[in-house]
Amino acid sequence: MSRRFSRIAGRLTCTATLSLALATPALAQSVAPDDAAKTSSGGPQGSASPPGIRPAKSQGAPAEAIPGGRKGPPGVPQAIRWTEDWSKTPAPDAPIFDKIRHIPLDDDNGVYLSLGGEARVYYTNWHHSTLGLRANDSNDPVQTRLRLIGDLHLGPNVRAYLELGDNREYGEQFATAPNRDKLDIYQAFMDVTIPLGETSKITFRPGRFEMPLGNGKLVGVREGLNMRFTYQGLRATYILPGKLSVDAFALRPVAITPDSFDDTGDSSKSFEGVYVSSPKGIGGIGTDVYWYEMDRQTAALREGTGEDRRTNWGTRLWKRTPKVDFDLEGTLQRGSFANQDIRAWGLMLEAGYSWPSLPMKPRLGLRANAFSGDDDLSDGKAGTFVAASPRLPLISEAAFFNFSNLVDLYPSVTLKPVDNVTLMAGPDFLWRQSKADGVYIGPAGSSFAPYDGSRYIGTDFNLEASWQMTKRLSFRLYETYFAAGSTFEQHGGKNGNYFGIMSNYRF
């Protein structure tokens with residue numbers, strides 16, 4: 001591990017040189033807050049939703065999912081549970097679920113234990129989940145996710161966090177591996193914070209944990225399945241509040257196996273990198289720069305099968321105001337795949353304009369993404385983009401498509417009929433980036449064979465609805481109908497449909 005961190009230190013020097021003005025990454029959804037003044041109202045908040053997913057009620061200053069980062073508003077459950085703030089002693093007449101979130105052990109020294117959990121039920125129904133890539137690809141399972149959390153705070157600078165998880169799947173036509181994991185250690189880590197001067201600090205986090213980066217698009221959480229992406233190893237974060245954060249990590253993704261207490265770090269994969277960020281980097285615009293490398297001993301693409309050592313260099317510009325929001329990110333991939341040089345790239349844009357003073361607070365949004373494919377499968381170069389841990393609902397909650405060799409354009413409209421309900425709808429138009437490469441389907445990234453003719457794949461017609469009923473209980477509904485283009489149909493593609501309804505209780 002020390003040798004891997006030495007590699008990261010060298011990369012860190014290079015990355016930090018590019019970003020002297022950068023600072024703390026806020027996992028900001030590309031949506032505007034309802035009101036810039038309402039940053040900690042205590043009601044349902046934006047960071048109660050996973051990174052990149054529009055919340056039922058948005059928040060001006062969401063929690064930061066980095067060790068030692070800004071916590072969410074006091075007493076509000078968050079999607080990334082270790083970003084919650086339960087440091088305040090509950091009132092004597094507080095509900096039991098508030099009392100167990102702060103059990104004082106030594107008030108004078110800030111020692112307390114926080115107990116919590118989550119119960120989620122998610123019904124999903126796919127018609128042609130692989131759009132015809134394989135036969136018998138319809139599925140309608142019910143997912144159940146249970147969590148139990150213990151969070152021990154030993155003063156302001158030391159904490160120990162443990163999260164147990166149990167994940168089941170019922171009524172499925174075929175199994176989805178990340179939905180099946182009996183009682184196991186889902187997260188377990190320590191945070192040790194060392195103050196550096198009056199304001200800056202560095203936090204070391206060894207253990208097993210979730211780790212979305214930036215906007216959570218390329219390195220996300222996988223909220224649509226029971227088991228999110230988790231990693232184990234070492235993470236270290238330096239923070240100069242309001243000016244600079246530098247996040248370095250050397251990890252292995254956790255390999256999910258279905259029995260109890262049998263998950264381990266995947267010895268066939270490694271993940272290391274540096275992420276530097278600021279909310280006011282270039283001209284007052286949020287600015288991130290990063291380097292990370294995902295190594296996989298075996299990977300399969302249309303270009304072949306073999307070892308994949310894939311380095312990502314990227315930058316991100318973002319800003320949110322009550323009316324205008326945008327998030328622009330570009331990344332280059334280099335390295336080697338199956339003895340071929342990697343030459344891949346990705347571009348992501350999400351922007352919108354909101355009218356917070358109008359009825360239903362409408363927002364017009366536009367999302368545009370482009371991820372490279374391989375324009376010549378026989379030239380000895382690997383041009384197909386592969387994300388490290390992608391948030392596939394970037395395209396739609398149906399997750400019909402992987403990012404590889406994909407271009408999409410998604411105009412949308414968002415409405416808030418009442419303060420805690422959000423509706424979003426729009427068509428998402430999809431193309432292949434290169435006709436010489438295939439159409440990549442779902443999390444596994446299996447693909448249709450390349451074919452001549454139109455690049456146009458088809459259109460997703462999306463509807464999303466979220467209801468934050470209380471600060472603990474939320475509901476979400478998803479509907480996506482995929483209408484295949486004629487050329488895609490001629491080469492085996494089919495229309496598809498996805499419906500999902502989720503209930504989630506966090507305490």
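Is leucine 358 buried, exposed or partly exposed? I looked it up and found leucine 358 partly exposed, with a relative accessible area of 41%, where buried means under 20%, exposed over 50% and partly exposed in between, computed with a 1.4 Å probe on protein chains only.

**Basis.** I note that this is a predicted model, in which local features need pLDDT of at least 70 and side-chain atom pairs count only at pLDDT 80 or more, while totals for chains, interfaces and linings use all residues. Residues are numbered from 1 along each chain as its sequence is written, and side-chain values use heavy atoms, with hydrogens and water left out.

**Confidence.** The pLDDT, the predictor's confidence in each residue from 0 to 100, has a mean of 89 in the protein chain, and 88% of the residues reach 70 or more. Over residues 13-47 it is below 50, although this stretch has 127 contacts in the model beyond near neighbours in sequence, a contact being heavy atoms within 4.5 Å. I keep in mind that where pLDDT is low, the predicted coordinates should not be read in detail.

**Elements and core.** I find three helices and 24 strands in the protein chain, taken as DSSP runs (H or I of at least four residues for helices, E of at least two for strands) and numbered from the N terminus. The largest nonpolar core has 58 residues, and Phe403 is one of those that touch the most other members; such a core is a set of buried Ala, Val, Leu, Ile, Met, Phe, Trp, Tyr and Cys residues joined through side-chain atoms within 4.5 Å. Strand 11 gives the most to this core, with five residues.

**Salt bridges.** I count 30 salt bridges, each a side-chain nitrogen of Lys or Arg within 4 Å of a carboxyl oxygen of Asp or Glu. Arginine 363 pairs with aspartate 325, the closest N and O atoms being 2.9 Å apart; because arginine 363 lies in strand 16 and aspartate 325 in strand 13 (residues 324-337), the pair ties together parts that are 38 residues apart in sequence. Arginine 363 counts as buried at 2% relative accessibility, and aspartate 325 counts as buried at 1%. Salt bridges that share partners also join Glu118, Arg120, Arg145, Glu210, Glu223 and Arg228 into one network.

**Back to leucine 358.** I place leucine 358 in the loop between strand 15 and strand 16 (363-371).
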